[in-house]
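Subject: Structure for you to look over

Hi,

Here is the structure I promised. Please open it next to this email and follow along.

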Amino acid sequence: MSRDVLEPALLERDPDDRIRILDADGTVLAPELEPDLEPETLRSMYRDMRFARRFDERMISLQRQGRLGTYSSLAGQEGAQIGSTYALADDDMLSFQYREHGALAARGLPWEYLLYWMGHEAGNAALADIDVFPLNISIAGHLPHAVGWAWAAKLNGDDRVGVVHFGDGSTSEGDFHEAMNFAGVFDTPNVFVCNNNQWAISVPRERQTASATIAQKARAYGFAGVQVDGMDPLATYVVTAAAR
Ligand SMILES: Cc1ncc(C[n+]2csc(CCOP(=O)(O)OP(=O)(O)O)c2C)c(N)n1
């Protein structure tokens, strides 16, 4: 199916309808949605996912040895982080919450980034070179920044997009609602990627929100919101490409 046909159909899906292309063992469930990617791109995507997992294991090991500060594991979220980043232009602006840094693997993670995890700001500064905002710890605090950046890009006539990753817990914060509202009203070029891992540290999804889905929160602010299987890099790829 051509992109022209695919995109509106994807974004007009009911937020209750979770988009999947692959199942857990890699079998194609929805060939009509499969992106038209070169084998080398698919291999590269997989390599980056493996790299993100290995990086994560190594970071946990260093943290347990007392050689890194507090560290949040990204394991299990590689599909959403890498798949969505592959759908972007190289200079689209990325903004992420502490657990979403698998996306950096797709941008050629600079070694200086590790410095951040032992408290050195040079780690965050290195991210500017790959069009990534400093890592965000204050939950949802990065969303208004991502929207402000995108609004400025729009006013400047730039065609770059601001992509922001966050967790399900972030969707309860005032900053989330203010950012989403502003994005809807001013039609800013943003893609909001919520990685719903069912927990906000100790608070389960059912205690976080009474909304039936997190995706429907986007609809409330006047733009498309769809649910995607975050374990499926191809599904996150096509949906991000459509949103972009
Ligand atoms: C403004 C703010 N309030 C509270 C916290 C404490 N806190 C740290 S992690 C976290 C939960 C975040 O959950 P979620 O957004 O789902 O991300 P996840 O850890 O699941 O990736 C909270 C409330 C914080 N970092 N910032």
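Start at the ligand. One of its oxygen atoms is 3.2 Å from an N or O atom in the side chain of D168. Keep in mind throughout that this is a predicted model.

A polar side-chain atom of Y98 lies 2.6 Å from an oxygen atom of the ligand. At S170 the backbone takes part: one of its polar atoms is 3.1 Å from a ligand oxygen. How much of the ligand does the protein cover? On its own, the ligand has 590 Å² of accessible area, and the protein covers 69% of that.

Now the shell. There are 15 residues around the ligand, and Q97, Y98, R99, G169 and W199 come nearest. By class, six of the shell residues are nonpolar, six are polar and three are charged.

Next, T171. This residue sits in the loop between strand 3 (162-167) and helix 7 (174-186). Is T171 buried or exposed? Its relative accessibility is 1%, under the 20% cut-off, so T171 counts as buried. Its side chain reaches the backbone oxygen of D168 at 2.7 Å. Leaving out residues up to four places away in sequence, T171 touches F166, F176, H177, C194, I214 and K217.

The buried ones are P233, L234, A235, T236, Y237, V238, V239, T240, A241 and A242. Which residue caps the N-terminal end of helix 10? That is D232, with a side-chain oxygen 3.0 Å from the backbone nitrogen of L234.

Two backbone angles deserve a check. Most residues other than glycine have a negative phi. A140 has a positive one, near 70°. This residue is in the loop between helix 5 (122-125) and helix 6 (142-155). At 0% relative accessibility, A140 counts as buried. D187 also has a positive phi, about 50°, and is not a glycine. Its loop runs between helix 7 and strand 4 (190-195). D187 is exposed, with a relative accessible area of 55%.

One more loop residue: P35, between strand 1 (18-19) and helix 2 (39-64). It counts as buried, at 12% relative accessibility. Its C-alpha atom is separated by 34 Å from that of E112, which is 77 residues away along the chain.

Last, the overall picture. The protein has ten helices and seven strands. Its C-alpha trace spans about 50 × 40 × 40 Å along the principal axes. For 244 residues, a compact globule would have a radius of gyration near 18 Å; the protein has 17 Å, which agrees. Of the 244 residues, 48% count as buried. Take the contacts between residues at least 6 apart in sequence: 66% of them join residues at least 24 apart. The protein exposes about 12,100 Å², and carbon and sulfur atoms supply 51% of that.

Best wishes

Notes:
Residues are numbered from 1 along each chain as its sequence is written. This is a predicted model: local features need pLDDT of at least 70, side-chain atom pairs count only at pLDDT 80 or more; totals for chains, interfaces and linings use all residues. Side-chain values use heavy atoms; hydrogens and water are left out. A residue is near a molecule or strand if one of its heavy atoms lies within 4 Å of it. A polar contact is a pair of N or O atoms within 3.5 Å; within protein, one must be able to donate a hydrogen and the other to accept it, and residues adjacent in sequence count only if both atoms are side-chain atoms. Accessible areas come from the Shrake-Rupley method with a 1.4 Å probe; for residues, only the protein chains shown count as cover. Ala, Val, Leu, Ile, Met, Phe, Trp, Tyr, Cys and Pro count as nonpolar, Asp, Glu, Lys and Arg as charged, and the others, Gly among them, as polar. Helices (H or I, at least four residues) and strands (E, at least two) are DSSP runs, numbered from the N terminus. The radius of gyration is taken over C-alpha atoms; the globule rule is 2.2 Å times the number of residues to the power 0.38. Buried means under 20% relative accessible area, exposed over 50%, partly exposed in between (1.4 Å probe, protein chains only). Contact means heavy atoms within 4.5 Å.
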